[in-house]
Amino acid sequence: MGNCTGNCISHVIDNIGPTLHQHIIDLAGTTALNSTTHHGHQLPTSAVYEILPSIYEKHRVIRVYDGDTLTLENDQRVRLIGIDTPEIKQSQPFSQEAKQFLSDCCLEEDIFLSFEVVNDKHDHYGRLVAWIWIKIDSGFLNVNEALVGLGLASFYNPGKNPFHNQSKMLSLQKYARENKSGKWIDYKDSEVIKTRNGRCYHANRQCSHLSKSRNLITILESEALDSGLSACRSCFA
């Protein structure tokens, strides 16, 4: 039943397997918004599921720091996996909106955590790195996916292994970008630079992270985003 202690509850649902049963299947591979709402937020339908993952932990949230970090009642800090929200300290646009959405979903509420099978549960700061789920009227909302679909977060995977839902996350990000939702409201496509195997793309060839790189490749930023690359935090700060 897992190694969770204290207020952590681990559930194993028999005969379900690793595949989640999606509440609404998007037609023709598109990701749409319907009338499902939570605290006034219209939610991406594909981020709502009938059931939780086969293994999860239940906790209560006592603090929300920003759009992708919170603290549980056992004082364990959690970093939402797969996303990167605008920085509050840098007053980046939609940083407060991302924090507000996470607060509306989780603060002083019970949440459910699930983890990527191939990854360790903790990052190098000692934080749990997890998918966050909450109960809503129509099922269970994957908060990480919802933040991306609302344009309040970018997809972020610094590792080599794709997430189990990476294709969906990228589709949600593309939908938000093309509809100019949230942080994408003023988005204009442009050329960027990437390396052959890097996980980030760069604004120009003068970025310090490219000083020793060869065979630089010029592509459109939209192509970089759709392939799962993230913006370099140095040249896109």
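Reply: Two strands pair if DSSP finds at least two bridges between them. Helices (H or I, at least four residues) and strands (E, at least two) are DSSP runs, numbered from the N terminus. This is a predicted model, in which local features need pLDDT of at least 70 and side-chain atom pairs count only at pLDDT 80 or more, while totals for chains, interfaces and linings use all residues. Residues are numbered from 1 along each chain as its sequence is written, and side-chain values use heavy atoms, with hydrogens and water left out.

Me: What makes S5 and S6 a pair?

Reply: DSSP must find at least two bridges, and 3 bridges join S5 to S6, so they pair, in the antiparallel sense. Within S6, Thr-71 is the bridge partner of Arg-63. The two strands are joined by a hairpin through 4 residues.

Me: How do you know that S6 and strand S7 (residues 77-80) pair?

Reply: They share 3 bridges and run antiparallel, and the requirement is at least two, so they count as a pair. Thr-69 has Arg-79 as its bridge partner in S7. This hairpin has 4 residues between its strands, and Asp-75 in the turn has a positive phi of about 70°.

Me: Which residues of strand S6 (residues 69-72) point which way, and are they buried or exposed?

Reply: Thr-69 and Thr-71 point one way, Leu-70 and Leu-72 the other, and all are buried. Buried means under 20% relative accessible area, exposed over 50%, and partly exposed in between (1.4 Å probe, protein chains only). In a regular strand the side chains alternate between the two faces of the sheet.

Me: Why is Asp-120 called exposed?

Reply: Its relative accessible area is 59%, and exposed means over 50%, so Asp-120 is exposed. Asp-120 lies in the loop between strand S9 (110-114) and strand S10 (128-136).

Me: Why is S9 described as largely enclosed?

Reply: Of the 5 residues of S9, 4 are buried, so the rest of the structure largely encloses this strand. S9 runs antiparallel to strand S5 (residues 55-64), with 4 bridges, and antiparallel to S10, with 3 bridges. Arg-60 is opposite Asp-110 in S9, and Ser-114 is opposite Trp-131 in S10.

Me: What makes S15 and S16 edge strands?

Reply: The open sheet of 4 strands has the order S15-S13-S14-S16, with mixed pairing. Strand S15 (217-220) and strand S16 (230-231) each have a single partner strand, so one side of each has no neighbour in the sheet. S13 (residues 191-194) and S14 (residues 200-202) pair in the antiparallel sense over 2 bridges, which meets the requirement of at least two.
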